[in-house]
Amino acid sequence: MSEEQIKNLEEQFEARIVRDDKIEPKDWMPEKYRQTHIRQISQHAHSEIVGMLPEGNWITRAPSLRRKVALLAKVQDEGGHGLYLYSAAETLGISRDEMFEQLHSGKAKYSSIFNYPALTWADMGAIGWLVDGAAIINQVALCGTSYGPYARAMVRICKEESFHQRQGYEIMLKLSEGTQEQKDMAQDALNRFWWPSLMMFGPKDDESPHTAQSMKWKLKRKTNDDLRQQFVDQTVPQAELIGLTIPDPDLKWNEDKKGYDFGPIDWDEFWQVVKGHGPCNKERMKARVNAWEEGAWVRDAAMAYAEKQQERKEKQAV
Amino acid sequence: MKKNWPLWEVFVRSKNGLEHRHFGSLHAADADMALENARDVYTRRNEGVSIWVVESKHITASNPEHNGELFEPAQDKVYRHPTFYNLPDEIKHM
Ligand SMILES: [Fe+2]
Ligand SMILES: [Fe+2]
């Protein structure tokens with residue numbers, strides 16, 4: 001194809017996105033669109049899968065059967081979300097194995113929030129309430145994204161997320177109605193997860209170089225700062241309602257903007273964690289790599305069995 | 001030995017009376033496993049009453065780059081639509 005032709009195709013392509021036409025797997029697309037989507041969708045998938053670890057850690061120690069079935073179902077959902085997203089990424093021409101390889105080698109990133117430890121039962125509350133709450137805000141914005149398979153996965157995921165947040169908030173509610181020790185536990189979990197949750201929306205707009213391109217492709221509908229503001233505004237009253245305090249001395253209602261002003265985020269910490277120096281980066285990767293390597297014989301055995309069955313069937317048919 | 005599990009496409013009938021609809025895809029060693037995985041991945045909340053799985057390599061898909069030629073025959077046949085026909089105003093339902 002000549003440069004002229006490609007430019008033409010690109011213009012038609014951008015025009016399709018402007019008029020809300022969805023892009024489907026076999027459609028022509030600019031190489032940059034393909035690569036950006038592979039990166040974002042696979043990182044999103046990795047986040048779902050790695051996100052199972054901090055919560056999976058508490059399933060056997062849930063305080064009641066009710067909490068246990070809820071947490072189990074939630075963690076299973078996150079596994080499902082990862083699978084929807086991996087298969088959406090595969091439609092762009094990357095294999096599942098390549099994606100795992102990128103995760104395990106550290107080439108691919110996943111959401112930094114999962115590099116923080118889940119120390120107490122209250123963390124299951126804080127994670128559902130704050131982490132899933134932040135994820136929902138990001139994901140609702142993506143339901144109308146331009147790449148069809150990604151948008152469809154998002155719609156399905158969003159439907160499933162709302163119970164995740166509710167069960168988390170319910171845990172916090174119950175703890176905050178409990179003994180002083182339980183209240184303290186809830187407050188401590190909020191203290192530890194508040195700032196990392198705000199970081200989930202990504203760097204500030206003026207330090208987020210891809211925003212313009214992502215907005216054009218509808219990979220973003222609102223900027224990081226707008227989404228973060230939305231999260232703060234919706235979460236502060238929820239904390240107040242159950243008597244918990246947001247750990248930010250600068251937090252203040254701003255009547256002019258009809259939203260909360262909040263204190264500075266520690267971006268050094270954010271970049272440290274992204275670069276692999278968070279409290280649990282190594283542990284999370286080790287768990288994933290172990291699961292993959294120790295599961296290899298199971299995958300091989302299943303394949304060998306399937307092939308044997310197939311051969312048997314073919315022989316019988318002769 | 002290293003052989004990846006093949007990719008399967010999953011179709012789910014959400015209730016009787018409705019057609020099966022493409023829900024997504026997954027990897028499985030064989031058809032039985034694909035069905036079980038499809039149940040776990042796509043119908044955790046009673047989203048279906050029937051599942052079809054088919055190995056992705058068996059699907060032949062049209063190429064969107066040829067959509068012009070492929071769908072052209074239907075493009076100029078307005079007489080296939082009810083609005084093409086002029087009826088007196090007195091006829092309300094037809
Ligand atoms: Fe999720
Ligand atoms: Fe979730």
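Author: Begin with strands: helices (H or I, at least four residues) and strands (E, at least two) are DSSP runs, numbered from the N terminus. Two strands pair if DSSP finds at least two bridges between them. In this predicted model, local features need pLDDT of at least 70, side-chain atom pairs count only at pLDDT 80 or more, and totals for chains, interfaces and linings use all residues. Residues are numbered from 1 along each chain as its sequence is written, chains are lettered from A and ligands numbered from 1 in the order in which they are written, and side-chain values use heavy atoms, with hydrogens and water left out.

Reader: Which residue in β3(B) does B:V12 stand opposite?

Author: B:V12 faces B:I51 there. Strand β3 of chain B covers residues 50-55, and six bridges tie it to β1(B) in an antiparallel arrangement.

Reader: How many bridges join strand β1 to strand β2 in chain B?

Author: Seven, between β1 (residues 7-13) and β2 (residues 20-27), and these strands also run antiparallel. One example is B:V10, whose bridge partner in β2(B) is B:G24. The hairpin of β1(B) and β2(B) has six residues between the strands, and B:G17 takes a positive phi there, near 105 degrees.

Reader: How do I read a salt bridge?

Author: Side chains of opposite charge can pair when their charged atoms come close. The rule used here asks for a side-chain nitrogen of Lys or Arg within 4 Å of a carboxyl oxygen of Asp or Glu. Over all chains, the search finds 28 salt bridges. One case is A:E11 with A:K7, at 3.6 Å from N to O. Both residues lie in helix α1 of chain A (residues 3-18), four residues apart, which is about one turn of the helix.

Reader: What about the place where the two chains touch?

Author: The size of an interface is often given as the accessible area lost when the parts come together. Buried area is that loss (1.4 Å probe), summed over both parts. For chain B and chain A it is about 1,900 Å², and carbon and sulfur atoms give 52% of this. Contact means heavy atoms within 4.5 Å; by that rule, 22 residues of chain B touch 23 residues of chain A.

Reader: How many salt bridges are counted between chain B and chain A?

Author: Five. Among them is B:R45 with A:E160, whose closest N and O atoms are 3.4 Å apart. On the side of chain B that touches chain A, β2 and α1 (31-42) of chain B each supply at least two residues.

Reader: How many residues of each domain of chain A are in contact?

Author: In domain 1 of chain A there are 14, and they meet nine residues of domain 2 of chain A. The area buried between these domains is about 1,100 Å², with 70% from carbon and sulfur atoms. On the side of domain 1, A:L53, A:H104 and A:N115 lose the most area to domain 2, together 49% of what that side buries.

Definitions and conventions. Buried area = accessible area lost by both parts, 1.4 Å probe.
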